[in-house]
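Q: Can we go through the strands of this one together? I'd like to know what sits beside what.

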2 protein chains.
Amino acid sequence: MIRMLRGITRQTGLLVAERPAPGTAAATLKIILAAQDHPAPQRLGDNEHYVLNVAAGQATLTADAPLGALRGLNTFLQLIHLSNAGFVVPAVSIDDSPRFPWRGLSLDCSRHFIPLAAIRRTLDGMALVKLNVFHWHLSDDQGFRVESKRFPKLQEMGSDGLYYKQSEIRELIEYAYSLGIRVVPEFDMPGHTTSWFAGYPELASAPGPYSIERKFGIFKPAMNPANEETYEFLDGFLEEMTALFPDEYFHVGGDEVEPDQWKANPSIQAFMKEHGIETEPLLQAYFSKRVQQLVARYGKHMVGWDEALQPGIPTTILIQSWRGPQALAEAARKGYEGILSAGYYLDLMQPASEHYLVSPIQGETAALPVEEQKRILGGEAAMWEELATSGNLDAKLWPRLAAIAERLWSPASAQDTTSMYERLSVTSRWLEFHGLRHRQCLRMMLERLDAGDALAAGHPDRSLEVLERFAEVLEPIKGYTRNENGEMYTQSTALNRLVDSIPPESDAARDFRTLVEHCLQNSSNGALASQDLTRLEAELQAWQANLREVRPLFVRNALMAECNIVADRLETILEMGVEAIDALRSGARWDASSTNARLARLDQAYAPQSEMLIQIQPGVRRLITAAGAVLVR
Amino acid sequence: MIRMLRGITRQTGLLVAERPAPGTAAATLKIILAAQDHPAPQRLGDNEHYVLNVAAGQATLTADAPLGALRGLNTFLQLIHLSNAGFVVPAVSIDDSPRFPWRGLSLDCSRHFIPLAAIRRTLDGMALVKLNVFHWHLSDDQGFRVESKRFPKLQEMGSDGLYYKQSEIRELIEYAYSLGIRVVPEFDMPGHTTSWFAGYPELASAPGPYSIERKFGIFKPAMNPANEETYEFLDGFLEEMTALFPDEYFHVGGDEVEPDQWKANPSIQAFMKEHGIETEPLLQAYFSKRVQQLVARYGKHMVGWDEALQPGIPTTILIQSWRGPQALAEAARKGYEGILSAGYYLDLMQPASEHYLVSPIQGETAALPVEEQKRILGGEAAMWEELATSGNLDAKLWPRLAAIAERLWSPASAQDTTSMYERLSVTSRWLEFHGLRHRQCLRMMLERLDAGDALAAGHPDRSLEVLERFAEVLEPIKGYTRNENGEMYTQSTALNRLVDSIPPESDAARDFRTLVEHCLQNSSNGALASQDLTRLEAELQAWQANLREVRPLFVRNALMAECNIVADRLETILEMGVEAIDALRSGARWDASSTNARLARLDQAYAPQSEMLIQIQPGVRRLITAAGAVLVR
């Protein structure tokens, strides 16, 4: 409740008294709870239902349990806005509960360490958008991030000193709990384990020594499933960690195991022969079963990635699918519960709309009988940290994560991406009021890129505006193309270039594309309205003028030097856009070959450069096509 | 050292390894220390001298003691900048030590409570600009902010639950110490003590009950100096607090005591008669002496405001002067050490240049003989929190505090405010890289004021730009005029209006004024160059165009409604500026009476409105004067 009041203050600036004097309240918010206790730890499926009624002078929030009241309070907070009558909450009547009980974020804290303060504000944001599972990816080849008292060499030799103390973890879990968020830890095994082997090389399938992996990709080191001592170690380790993390689910990864070490190790091959294990995937299945037994011994449900689903694994485990609906449907048919992560990978730099249109119940899962569909518990966004640090993490998560949160909470019928973007832009600001830093951190990174100019220009803010205007049409390249061959980046590569300092999705480019479509729809017989042409031209000319202003920066500044080519290509795209508008205005349309030559040139200018894409290209492409359209018809 | 490396990462984005592999360093920073130990607690006058030499591939920092190395590391950090060769540190040779040993910030945490996180980042900023005393104003009429274990009703009844635990205070002192900052606590007495009396009314000079004062101003409640039990209480209290705060200085305030309660209390009057104390100021002197004896008993030097200097007070106390150089000189002549705060009050909303030109050695203090001048130990900026909360504190402190810090560290000869502003604009960004939020917090507050528009406009960032452009010419009114009669504001008044959301000093207005002066100097025979006239006109017209865009916001938004009149006046000022430029261009100058009529109208438009000033008015005023000048001559 105090957090709620502080939230109101952050949002409105009103200094809400935490202990109001009796009789001072002109309007009240009444909270009615059927059950007062908030059981710890929270469990999957805990009741989150609430009813919120707001009328003049009186708001009533009714919930079956405190968790529902928490959700309802965040809705109330979100409804407060500034009108010409002051801060108001609109009269509403909301009966709300989530579509899925598992709505999570999986956060990789291994590849780059994420400090607790950043995790805390991530949890704050998750609670605001009603996510309820924080899946904490705590170990990988590039770092082991948890203090183990039983096996201290894990953190001592596997973390560069960057790990979470057990006391800190307990505090974080307590904090998450107070926000209505479960914490599910993940210790990925038997692959993705190089950092374990730095301290305990005897766990590996090939002789050491090992050291923390600094590159990114899929690596060969894997635990030795043929060595009984591996299971003794894991038994002790899991006893310690299952006690530290109270949630009933416990994630043991299981993805992307390379068979090389197993194939090369004669004793492992002998073990396989002895036990009639014919292939390495079946050896992983054997390992998974053993681990599942250990996890179950400590009273937990095991969670694993798709690969954990192997013949003989009991249906009590939960499958997290990075492969997609087909794998998820197959798991459900076999009796496993599952959650979807494919389609929700925030590190792929996809637009929010693409994530928004992905649903755990879709395609093959939608075709399942209702009983099997029920096994699909929800989904998890996933953020892998190869190319992000705590310095720009917020911008990789937000506001896109809010779109995924809405997908997992709201009815399947919510499909309008235009409306989603309108709300997302408001939510994005709202989240920053509550401590997220997704826009601030990029602004500061742009300032860094502009820093060499601050003194020269005299007007640092205007100089920054010019750089912002240049950057606003750019997006990072998509998918995993940025680190395609895995050679360019290591854990210590600076992530301070322009590509690191822009949002995954360009609002300006989307707006321009929308404007183009709007103008084209507004045309009659392929002739655009003259005021529409003027408006489009003005947009392009403004970017042209800005481009002239920003260029000198690239000369003075080593980090921006790479943008010269980007600027050349942007110039081409803008010129071609203006040319298309001229053609549309004159009515003299291009023939097909001339149009196609232009499109080819335009597409060339769209090739990735400095790991970025010029995202107004698709809008300009539509204009060129339109300028060639009449004659073609 | 780790903090230094993290600072480099924050500033550059380079992921500097905390444990670099041997042989990887192409360039090194060598630190040579004559003395290794960093004595705790720090003391006034500890050696801060350092020598920094940077040459190709090698930087050497030499210091007599770790404190000097800390200062030198911050200089090194400040020198790192982005050039066309990457991040570089220029070749320099610096031999540096401070002009004054006491360079502080006094921060009021009573009138509005300031959370520890905000204090920690304030300390970070102080260390970056080499301030070395955090003067923590911990009690006042509006709140008692320290946990007392001996007298728990102090915080229980005097703080609304908003106080610092002793463990938190110890941690904060430790943190400040690691930054080379001493922490001097202040418990203001015998006035400014209403919050004490909420729990302990028997300390007061008039019967209770008392409750926390919610208004701002000077209030009548004062401790009872005639009651021996007051001293018994203070003895116990000071025993506890002097143990909690390790610094050798201990501030007991002593300012602004109202005599009313003392005059009205017969037993106090009888006490005065009995002891031959003729006036209430002399009664305060008696109280001060008693308190000084208690403070001395626990091994501390007492610090007090000017009023503490009373006949018979030993010269071991230190005087903090809010009155000015005359009072400070008088104290020095009498043998007291002193620090200057008059001229450094950040809550007066003065420009940085004014603070910068104030020196502890100036006027009367400059006229003192060298021996007496040595008693002037430095100065302290002061920030009182009547009209600030942690939400906008950073903007009240920074970047102006950096200008005061430079005054207290650098030689007296540094007097060029133009150069100061150039460096301040760079420093301002630099401070935000290290966690300060002075620009971010105002940007967010402006977003709040613009929030009603976010959905309507579709382009929230452009809508914000329009509001920013409107706000950039405004400043809060100066001095204590904002709360002049003390009736408008209480502790719970929301500080979320436009006046709360703008910096104390408008860069745009200063730049415009500078441009006007530059153009006038560039004139020949009063005729301005035509390109200068065009440039000035363009500036004014841009604000005019923006004004038309921003006006609709005032209709939709209760918090901005008050800006309609501001906008009207700004319109007048801009129109008059354009008119003056027309006149200057045509050469047809106004006669004196016409000019004066215009100036009168212009000055009317400059009257405070919504607690703000339109700060481009002085620049426009110069233009109007110039337009009337030729005929007058």
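**Strands and their neighbours**

A: Fine. Keep in mind that this is a predicted model. Strand S11 (residues 249-251) of chain A pairs with S12(A) in the parallel sense, over three bridges.

Q: Which residue stands opposite A:Val303 of S12(A) there?
A: That is A:His251.

Q: And how many bridges join S12(A) to strand S13?
A: Three bridges join S12(A) to strand S13 (residues 318-321) of chain A, and the two run parallel. In S13(A), A:Leu318 is the residue opposite A:Val303.

Q: Why is S12(A) largely enclosed by the rest of the structure?
A: Because four of the five residues of S12 (residues 301-305) of chain A are buried. Buried here means under 20% relative accessible area.

Q: Changing topic. In what order do the four strands of the open sheet come?
A: The order is S1-S3-S2-S6 in chain A, with mixed pairing.

Q: Which strands stand at the edges?
A: Strand S1 (28-33) and strand S6 (93-96) of chain A. Each has a single partner strand, so one side of each has no neighbour in the sheet.

Q: How much are neighbouring strands turned against each other?
A: By 10° on average, direction ignored.

Q: What joins S1(A) to strand S3?
A: Six bridges join S1(A) to S3 (residues 58-63) of chain A, and these strands run parallel. A:Lys30 has A:Thr60 in S3(A) as its bridge partner.

Q: Which helix packs on the sheet?
A: Helix H2 (residues 66-79) of chain A, which touches S1, strand S2 (50-55), S3 and S6 of chain A. The direction of H2 makes about 35° with that of S2(A).

Key. Residues numbered from 1 in each chain as written. Chains lettered and ligands numbered in written order. Predicted model: local features only at pLDDT ≥ 70, side-chain atom pairs only at ≥ 80, totals over all residues. Heavy atoms only, no water. Buried < 20%, exposed > 50% of the residue type's maximum accessible area, 1.4 Å probe, protein only. Pairing = 2+ DSSP bridges. Axes fitted to C-alpha atoms, helices over the stretch in contact; angles between N-to-C directions. Contact = heavy atoms within 4.5 Å.
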